[in-house]
Amino acid sequence: MSHPGKHATELDSVTDRFRDSLSCEAVSRDANKPDFRELDLGSPVSPLRTAHHAIGAAGNGGPAASTSSSSSGSFSGRTNPVSRRSDSGHTNSNGNNNHSGELSGSSENSPTATGGGNTRILKPGQTRSDSIYSGQNGGSSSSSSSAVNSPPLNVLPTGNICPSGRIVKTGMVANRSSRSDVLGSGMGNYGHGSIIRGGGKSGSSTPDSPGIPTVRSSIGIGGEGNVAKRGAPQGSDPEELKRAGNEHYKRGHFAEALGFYDRAIALSPASAAYRSNRAAALTGLGRLGEAVRECEEAVRLDPNYGRAHHRLACLFLRLGQVENARKHLCYPGMHPDPNEMQKLQLVEKHIAKCGDVRRIRDWESVLRELDAAIAAGADSSPQLFMCRAEALLKLHQIDDAESISIHIPKSEPLTSSSSQAKFFGMLSEAYLYFVRVQIEMALGRFENAVKAAEKASQIDSRNVEVAVLVNNVRMVARARVRGNDLFKSERFTEACSAYGDGLRLDPSNSVLYCNRAACWFKLGQWERSIEDSNHALKIQPNYTKALLRRAASNTKLERWEEAVKDYEVLRKELPNNNEVAEALFHAQVALKKSRGEEVYNLKFGGEVEEVSGLEQFRAAITLPGVSVVHFEIASNSQCKQISAFVDTLCGRYPSINFLKVDIQESPAVATAENVRIVPTFKIYKNGSRVKEIVCPSRDMLEHSVRHYSF
């Protein structure tokens, strides 16, 4: 049973205490409040109890009691004395204060805390007042270790006072649950005397923010009404948008979180916390370059913002920019994270070793050190991936080098700090073009190489290595153009000299070797043509033009075995090239003759040959190369359909000998080959049967023919 006199006495005492609190906090209300936004809430009445509570109390004869207001909320009923809010706020393990609602944790991608967790460094004499308001309920949500239960009364309060001095309108507060309210004491980021909806446990904390109270708002993501259940907040309070973004971030919905942070920034562009949260969402989406820009904007807005410095250090480390990472990880006043510091030192060690072995052109060791640096944490560095491409290029793995250069992590437009980062002594962006030049040159794309070289020179004109490369590329490109012009004019000796000038500047250029091999071939110097072709193929093993040059030169020198090997490789690379197929056929015939084997009645291409006798059949399948025999019955409809397709294959694969046998007209052949079902196909290679297919589909038949034609 309540005692009206006791309630009145205690309320008067608390009123005096809150009047003092208001006078003290009014002085520093506007100081250092990056998350504050003034709310226009209107009317003075804000019922903290539903109508049936008030009526019930009046029916019991309970007297009315007055209410007092705090700096960020209201209270009613009997209370214990409440401690004043500390200006220093919550201090984390690093000794740094916290931005309200910022993403917290040990890494740049940590889950977020809706009520706090950001590291912030305060200068001497700086104070905090970071109250957070629920834009539609007019009240402030908070929790505290000094909070106490507030028993129901039979009165309506006079209103909620916000820090702006405005009064909350009637009906702005959401319906209350049956759980009792508690009165906050102003710890953490919340105002002295805030009502905590539903009696949240005092002093509870998120996993990533030890000791920071878990605060739930009655709107948007607060309480049980999280984003997934209640939907996005409809108001224009950036704090509500931020908290909605935090909830999406924790669920891994980075794109949705980014949308909420963008809206919050549009309403409050000077908030460092919102910029840092946006950077975390961008990191989750893999857009590291944009994340760097957002973090740099956050530390520009608040140079002592520890969480943004830490996040920026982690981003730079992933990008392989060790010096930039150290600058932010060891920012004055911050205590570097030991784990991140260890990662930084490990990445730095492997990149330094990579540079050392690169200088002595030990490309295998370069690849090992690159793998170690990436595994240590520099997993998104375009420069490290491009260095891998350079090493593979020097190891004559041109295709792999080009593939890596195409699929390196996307390089976003650089910020001022990133653009000045060095890699192997040159500006990091210039190094990307430096390697691109070498790849374009190796592939014979000289015009592209010149453009890339000029771009590298524009970025880092003072670097000696870049300057030498630019000069060489221009001279090699001119030598190649001059050689091509001389070749077209059939001045082959002079063309050889021009290509030689280019090779003296770029001795690993397979295109120039191949062009000079063509000149030697035209001059009848087939040995020298083979020699240059070999140089080109050593640099670029799958270079088809160089292989053609060598095969043709071996044919001229009647080195049939070498010619057949090259043409067989070319046949696989160029299956639809009839010239290659015919060259292979004639080389195979010449090889048979050189070995003293009987060769007769051979022709390239033509029609399907009909076989009527066993002796003719045996002579045909022992011919060099591949023979495909179609066993048929002329009157069979299925044989008629597939026979037309065999005629097509005969023209498509002219190096193959196609035969057909009517088993009714040539029963001896059918018996010798044990053929009882038609259509049946048998494939022979140099007299030996390698494949038998019964009633095949067109695709199956062509697949087998193509396979054995190589």
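A salt bridge is counted here when a side-chain nitrogen of Lys or Arg lies within 4 Å of a carboxyl oxygen of Asp or Glu. By this rule the structure has 33 salt bridges. The model you see is a predicted one, in which local features need pLDDT of at least 70 and side-chain atom pairs count only at pLDDT 80 or more, while totals for chains, interfaces and linings use all residues. Residues are numbered from 1 along each chain as its sequence is written, and side-chain values use heavy atoms, leaving out hydrogens and water.

Let us start with Glu247 and Lys250, whose side chains meet in a salt bridge at 3.1 Å, N to O. These two residues are 3 apart in helix 4 (residues 238-250), so about one helical turn separates them. Helices here are DSSP runs of H or I with at least four residues, strands are runs of E with at least two, and both are numbered from the N terminus. Glu247 is buried at 5% relative accessibility, whereas Lys250 is partly exposed at 35%. For these words, buried means under 20% relative accessible area, exposed means over 50%, and partly exposed is in between, with a 1.4 Å probe and protein chains only.

Now move along to Arg445 and Glu402, which form a salt bridge at 2.8 Å, N to O. Arg445 sits in the loop between helix 15 (428-442) and helix 16 (446-459), and Glu402 belongs to helix 13 (residues 398-406), so this pair ties together parts that are 43 residues apart in sequence. Arg445 is partly exposed, with a relative accessible area of 29%. Another salt bridge joins Lys682 and Glu673 at 3.4 Å, N to O, and both Lys682 and Glu673 are buried. Salt bridges can also share partners: Glu239, Glu240, Lys242 and Arg243 are joined into one network in this way.

Next come the rings. A pair of aromatic rings is described by the distance of the centres and the angle of the planes. Rings of Phe, Tyr and Trp (its six-membered ring) pair if their centres lie within 6.5 Å; planes under 30 degrees apart are stacked, those over 60 are edge-to-face, and the rest are tilted. The structure holds 8 aromatic pairs. One of them is Tyr249 with Phe254, an edge-to-face pair at 5.2 Å centre to centre with 65° between the planes. Tyr249 is buried at 4% relative accessible area, while Phe254 is partly exposed at 23%.

Phe423 and Tyr431 make a tilted pair, 5.2 Å centre to centre and with 45° between the planes. Phe423 is buried at 4% relative accessibility, and Tyr431 is buried too, at 0%. Ring pairs also link Phe423, Phe424, Tyr431 and Phe434 into a cluster.

Arg528 lies over the face of Trp520, 3.9 Å from the ring centre; the rule asks for NZ of Lys or CZ of Arg within 6 Å of the ring centre and within 35 degrees of the ring normal.

Finally, look at the annotated stretches. Residues 238-271 are 79% helix and 0% strand, and their end C-alpha atoms lie 10 Å apart. Residues 510-543 are 79% helix and 0% strand, with end C-alpha atoms 8 Å apart.
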